[in-house]
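Morning, everyone. I have one model to show you today. Let's bring it up and walk through it.

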Amino acid sequence: MKWGYFPGCSLLGSARELRESLLAVAGKAGIELQEIPDWNCCGATAAHNVSRLLAVALPGRILALAEKAGMKEVVVPCSACYNRLAVARHELAADEHLREQVKALVEMDYRGDVKLVNLLEMLAIVLGKDAGLKVEKPFAHQVACYYGCLLVRPPKVLKFDRPEDPQAMDELMRKIGAEPIAWPDKVECCGAGLSVSRTDLVAKLSSRILASAVKRGAEAMIVACPMCHANLDMRREDITRLTGEHYSLPVVYLTQAVGLALGLSEKDLGLHRHLVKVVFPAQPKPAPPPQPPAEKKPAEAAEE
Amino acid sequence: MSRIGVFICHCGENIAGTVDVVKAAQAAAQFPGVVQGAEYKYMCSDPGQSLIKEAIREKKLTGVVVAACSPRMHEPTFRRACAEAGLNPFLCEMANIREHCSWVHEKSEATTRKATELIRIMVEKVKRNKPLYPIKVPVTKTALVLGGGIAGIQAALDVANAGHQVILVEKDPSIGGHMLQLSETFPTLDCSQCILTPRMVEVAQHPNITLYSYSELESVEGFIGNFKVKIRKKARGVDEKLCTGCGICSQKCPKKKIPSEFDAGLGKRTAIYVPCPQAIPNKPVIDRANCTYYLKGKCKACEKFCPRQAIRFDQKDELVEAEVGAIVAATGFDILQTRDFPEYGYGQSQDIINGLQFERLASASGPTLGAIKRPSDGKEPETVVFIACAGSRDQAKGIPYCSKICCMYTAKHAMLYKHKVHHGKAYVFYMDIRAGGKMYEEFVRRAIEEDGVIYVRGRVSRIYEEDGKLVVKGADTLLGAQPVEIRADLVVLATAMVANPDAEALAQKLRVSYDPYHFLSEAHPKLRPVETNTGGIFLAGACQAPKDIPEAVAQASGAAAKVSALFSSSELSREPVIAVVNRTAPPIFSTCTACFLCEKVCPYQAIEREEIKDRKGNVLKVAAKVNQGLCQGCGTCVALCRVKAIDLQGFSNEQVYAEMMAV
Amino acid sequence: MAEFQPKIVAFVCNWCTYAGADLAGTSRIKYASNVRIIRLPCTGRIDFMLLLKALDQGADGVIVSGCHPNDCHYTAGNFHARRRWIVFRSLLDFLGLDTRRVHFAWVSAAEGAKWAQLVNSVTEEVQRLGPYHDYQKLAGAGVE
């Protein structure tokens, strides 16, 4: 299977281990990820704060390049890149004038028929029945699935999962033998792009998320976004320094958790790159507080 | 030979100030077919009308044109005058030389010329007018009331007390609607069931009312005064004539844990059940979806123990046909469920409930016998948060309108809670307080000042569970959007009032228009709130728009008054501006080719197929025929007919072409 | 110098546009006096042969106006009128007749000002285009 692939800037830098684990898992599943040739930065937070046209043109160019390379689907591992590409695609589809402007700027044709695949969707296929992969080492831990804000919002544009209490990552974790906890901070803000300018706010917000997960018995936090990972893992020392709270909860990329379950090595998955050591306590954890049954699909909840 | 009389009105200075009426009258008198051209200061006045009447008699006029204001003003006035003088009223037309001429142009030759031309157009039309006579349609003096809530009950009682027959159809096993589920009503805190049940009994016992409970409207045909309806009496599984309402069947039923609809899901009922103790009729219903007998073929405990052998497992639905003259739609409303709120947890928490569920908690006949208890663990809540505008006034939820009753019932709920749990803390998160009715504002003040309910102006963005409490995160906008976090034991959402899920289907059955929210449409929002655009069908209660009980009752009585007016004579007179398919002598019978395109386009389904037969009953020809009771006179069929076999009386092809050619 | 005064016939529906024109009158809004209104119960009543006949009879311009879509007093008449209009316009175009002479509008009972504006703009346009003889020429050419 061959898919287009947009790494984005962070996968080459601070989120190297996401790239490593992604390629390792893709390799195991027989998926070849082909980078979009001559790709540029998606614009992230900076572009849409400065200029609407730039904010749409940068992802627009990436999509146009993907179309030119004949790619039907493009995997976008970074949540921010995914969000920018999806929003840009939505705006270009709705506004003909904007479309013409962007086409002129990027000097390429644009049809808007590339399908964007986020990390959760890709892993659902990797772990799906058709892929034929077996879970060799079940990831038997209680985990807090942290989606971050960009994977499911804005709901009208992304149309992916439930915006307030998403379940896609929880289901994937269950498939590899983990026990996802039910917790209210799945999509709460971690501080996002304020990582450098207002580290104190990042510390406060991320601290809350960690506290909520630890309180409900999580042994690890699973993330799908390099920004979330940076705030929750890389900034752990700042959190301790600025809030006085100390957490040892490891933050693991979804691809790393899946990779471990499929039998790949910690080294191959880049676990050693994390600032917070990824270790799981040997003794059984105390029983977590009673959770509402996780299997119940609230969309089909009992009628009155 | 045409003998048309033209009468031009000065309308004081309104017309005469800009149009040279004398010149126009002289010109009009010269038109071919016109035998009189007169002008007068005020044609609509008594002397003005006398002028017309005298002219009709003396000059033996065959048609009258009054050039004055808009026909929308005085056409009935002049037509009546003509009728009094013995001329068919439909031989009188008006030329609009005021709104369309004198009032919109300067005084000039061109203006007078325009007025003269407008008069000539009308003269040419009137020459081709034919005398028309009002159509009489019989009226069946029975009313059908759909819905047995407070609005339906009121309408049924009013019509029945006026001496007419009423058929009341209610889809639930008992009448009473949502009002029966309430514990107390604002602003008096009257016990809801105490004031409602006497009316329910009156309905059940009224000699003029036939009650079909656990029944639904199957189909409607016909038109005002002459509806043919089919009602589906759903099978209760019980012979109502034998059943005494003793209740042994429910006591013996082994399936006891079915969520009760009457208790809004908070209480439980059995498979064979009566929805509540005050149900009318007090006869049980077997819930076939949950009954062991229907699911597995076993049990039959109710049948075993019924002292009257009234259980009938093989009972089938029955279709009842009836003829009625008027229909009142009083089918009520629904409210959003807590699972419709993703930000409040998708309904997963049992301790987040909606307004109707709180009513059941507070009700003495409810699942907790009136004690306020958390549904999850049965403990008494120490802190309760009430959230107003949950879903209403929210574009993101697709409900931009206000549900009208929530501010009042939220204050009521908070008060009831404080009356029952004195030391408890009650918070209300609100956007605005809408308390416009009589004694309403005072009621809300009472909640705040006497019962110590804390009102916070702001919305709640999230609710989640933590350590057995509900963390409510809201804002206090009066303090400058300060975030407010309350750890509550129970949260009550005043969820938006919405139309019933089958409101659209009902509206289509009745051929009544409805708005984008599926509330049924009134004929005019200001002046005709109880009628619909469909003749003979009236509205009462919340099915038309969110409203409270006093308004529903008032509207129901209004609808009943309209029904009584309709029934006040045994014949209904209709304006004869309707379409007619031509008929001629055999062997042609009609130029209609029976393509029935007209049937397809008629918005009122007023075209019928007529089989023209010979004396032996053989069909010689099928042609279209217009139902005089249904046709509203739009003329779409006339424009459409390829052979022009159908024409519109009052705006016939001959008339319209003549008008146009006179320009 | 006598300015060409076009003759414009307007076929309007009773419930909306006629009432709208009445409102223009009640509000004393002044507009061009070249339009002659013919009242009909609904725009659905209009067989577009009527418009051709009007052009044949010497009208320089024709206006058809009714209730806004969804507001028809008879629920659907204006939808039929609209459909017929779309086909009619293509036909006129195909025949090479000047479609600028024929106008289709929605004027509600509350839009007195819009009616006045419509009349003024159509009168102005037709005035600019000059008297209309093309249809008569075309119609006459085919007669034996």
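**The interface between chains B and A**

Start with the area. About 1,500 Å² is buried between chain B and chain A, and carbon and sulfur atoms give 44% of that. Who loses the most on the chain B side? Tyr346(B), Gln348(B) and Arg462(B) do, and together they make up 42% of what that side buries. Keep in mind that this is a predicted model.

Now the residue counts. Chain B puts 16 residues in contact with 14 residues of chain A.

Next, charges. How many salt bridges are there between chain B and chain A? The count is 3. Take the one between Asp467(B) and Lys215(A): its closest N and O atoms are 2.6 Å apart.

Which element of chain B gives the most to the side that touches chain A? Strand β24, residues 460-466, with 4 residues. By class, that side of chain B has 7 charged, 5 nonpolar and 4 polar residues.

Let me step back to chain B as a whole. The domain assignment gives domain 1 at 4-127 and domain 3 at 248-305. Domain 4 covers 334-498, and domain 5 covers 579-662. Domain 2 is assigned in pieces: 142-234, 317-332 and 500-571. How far apart are the C-alpha centres of domain 1 and domain 2 of chain B? They lie 47 Å apart.

That's the tour. Over to you.

How values were computed: Residues are numbered from 1 along each chain as its sequence is written. Chains are lettered from A and ligands numbered from 1 in the order in which they are written. This is a predicted model: local features need pLDDT of at least 70, side-chain atom pairs count only at pLDDT 80 or more; totals for chains, interfaces and linings use all residues. Side-chain values use heavy atoms; hydrogens and water are left out. Contact means heavy atoms within 4.5 Å. Buried area is the accessible area (1.4 Å probe) that two parts lose on being put together, summed over both. A salt bridge is a side-chain nitrogen of Lys or Arg within 4 Å of a carboxyl oxygen of Asp or Glu. Helices (H or I, at least four residues) and strands (E, at least two) are DSSP runs, numbered from the N terminus. Ala, Val, Leu, Ile, Met, Phe, Trp, Tyr, Cys and Pro count as nonpolar, Asp, Glu, Lys and Arg as charged, and the others, Gly among them, as polar. Domain bounds come from an automatic or database domain assignment.
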